[in-house]
Amino acid sequence: MSRQHVDHREIAAFAQDKVNLPKDWADTYRAQARGLRERLERYLDEHPDFTLKRMQLSGSLAKGTALKTLNDIDVACYVSGANAPHEISALLDYIAERLRKAYPNFSADQVKPQTYSVTVSFKGSGLDVDVVPILYDGDPQWYGNLVSQEDGSFLKTSIPLHLDFCKKRKQAQEKHFAQVVRLVKYWARRMKAENSDFRFKSFMVELILAKLCDDGLDFSDYPDALQHFFTYVARTRMREKIVFTDCYAASRVGSFTEPVQIIDPVNEVNNVSRLYTGANADLIVDAALEAGDAIDSALYAPTKQETVRYWQKVFGPAFQG
Ligand SMILES: Nc1ncnc2c1ncn2[C@@H]1O[C@H](COP(=O)(O)OP(=O)(O)OP(=O)(O)O)[C@@H](O)[C@H]1O
Ligand SMILES: [Mg+2]
């Protein structure tokens, strides 16, 4: 790759400037989630039979993979399963009612059931917190039934084990794993903005990159790591089954009928991409082919201006080289 006009350094600077959530914002948002968690813990000390058991920061803010455009704070709420309604809208009302009890300083309208979660809005500064229910029966590894934010179904999984999974890859390639995740998410977000049919869930991006990381790809050169990601997607057409062995043996993973098969690293029967159709996969593949071609063309581009123009096909006009 010709590195004369745009190199790793320029991509790293772009990431720092335009892609990443600044650290002090992330700290503020994490403190906001911590406040919710600690207040619930205090309430539980006095009301040990209360059925909301724990608030756990989850999602990209917990993993250190959030983008600057983050628009809410994901917090999982563990609800003891025995008496809670299992029908989604009744469950959300049940949680909202109890949140209002545990947090009496919130006015009723600050706690609102949405389609598959309950939002807690903070007046003034700060983002809203998106409280996602997990029906929980006391499992020591915090397995429970997470309400899918895609279709409201219950998915057996463990958020703390997901955080461990991600942490391992972050430690294997310090700084770079999380950075490449954010760069690819930024690209995917742009593709979504351009085409409303395009979908590519952040968790899937992260799992594909975890697989490349486990296979030995070096993430320390961003143009190169990005090109490998796009090439992998184009070569496999998103039809290669992805399995991890952190929590179970590969032989335990059965067969699936869905076209895209990226298996939850903490539950071998949960296909994270179960709702992706062949058409969804093809759109991802087409976009990856274009992005890969653009990065290749950046190699041959004779001038800085042209090189930047090719990188803008990947990252949009915010990329200025
Ligand atoms: N299908 C699923 N099966 C199991 N767990 C899931 C599934 N989808 C999401 N999760 C859990 O929810 C978390 C958040 O996933 P999501 O795809 O919303 O990404 P994110 O990291 O929060 O990114 P973003 O910055 O786009 O919000 C994941 O880290 C995972 O713990
Ligand atoms: Mg999220």
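Reply: A cavity is a set of grid points where a 1.4 Å probe fits but cannot get out, and its lining residues have an atom within 4 Å of a point. Please note that this is a predicted model.

Me: How many cavities of 30 Å³ or more are there?
Reply: The count comes to two cavities of 30 Å³ or more.

Me: What volume does the second largest cavity have, and which residues line it?
Reply: The volume of the second largest cavity is about 40 Å³. Its lining consists of Ile208, Tyr232, Thr236, Met238, Glu240, Ile242, Val260 and Ile262.

Me: How does that lining divide by class?
Reply: The lining of the second largest cavity has six nonpolar residues, one polar and one charged.

Me: Now to the open spaces. What is the volume of the largest pocket?
Reply: The largest pocket has a volume of about 1300 Å³. It is lined by 40 residues, and those closest to its centre are Asp74, Gln149, Lys201, Ser202 and Phe203.

Me: Which elements give two or more residues to that lining?
Reply: They are the helices α3 (59–63), α5 (159–172), α6 and α7 (202–214), together with the strands β2 (73–80), β5 (129–136), β6 (143–147) and β7 (154–158). The largest share, four residues, comes from α6.

Me: And the classes in the lining of the largest pocket?
Reply: That lining divides into 15 nonpolar, 13 polar and 12 charged residues.

Me: What about the second largest pocket: what is its volume, and which residues lie nearest its centre?
Reply: The second largest pocket has a volume of about 440 Å³. Of its 19 lining residues, Asn20, Leu21, Gly64, Gln179 and Arg182 lie nearest the centre. Two or more residues each come from α1, α2 (23–46) and α6.

Me: Let us turn to helix packing, then. At what angle do α1 and α6 pack?
Reply: Helix α1 (residues 8–19) and helix α6 (residues 176–194) pack at about 70°, and their axes are 11 Å apart. Angles of 65 to 115 degrees count as roughly perpendicular, so α1 is roughly perpendicular to α6.

Me: Is the crossing left-handed or right-handed, and which residues make the contact?
Reply: The crossing of α1 past α6 is left-handed. On the α1 side the contact is made by Ile11, Phe14, Ala15, Lys18 and Val19, and on the α6 side by Gln179, Arg182, Leu183 and Tyr186. By class, this contact has six nonpolar, one polar and two charged residues.

Me: How do α6 and α8 cross?
Reply: The axes of α6 and helix α8 (residues 222–236) come within 11 Å and cross at roughly 60°. That angle makes α6 oblique to α8, and α6 passes α8 in a right-handed crossing.

Me: Which residues meet in that contact, and of what classes are they?
Reply: His176, Gln179, Val180, Leu183, Val184 and Trp187 of α6 meet Tyr222, Ala225, Leu226, Phe229 and Phe230 of α8. The residues of this contact divide into nine nonpolar, two polar and no charged.

Definitions and conventions: Residues numbered from 1 in each chain as written. Chains lettered and ligands numbered in written order. Predicted model: local features only at pLDDT ≥ 70, side-chain atom pairs only at ≥ 80, totals over all residues. Heavy atoms only, no water. Axes fitted to C-alpha atoms, helices over the stretch in contact; angles between N-to-C directions. Parallel < 35°, antiparallel > 145°, perpendicular 65-115°, else oblique. Left-handed = near helix turned anticlockwise from the far one by under 90°. Contact = heavy atoms within 4.5 Å. Nonpolar A, V, L, I, M, F, W, Y, C, P; charged D, E, K, R; others polar. 1 Å grid on protein atoms, 1.4 Å probe; cavity = no way out; pocket = protein on both sides within 12 Å on 5 of 7 lines; lining within 4 Å. Points joined across faces, edges and corners; volume = space filled by probe spheres on them.
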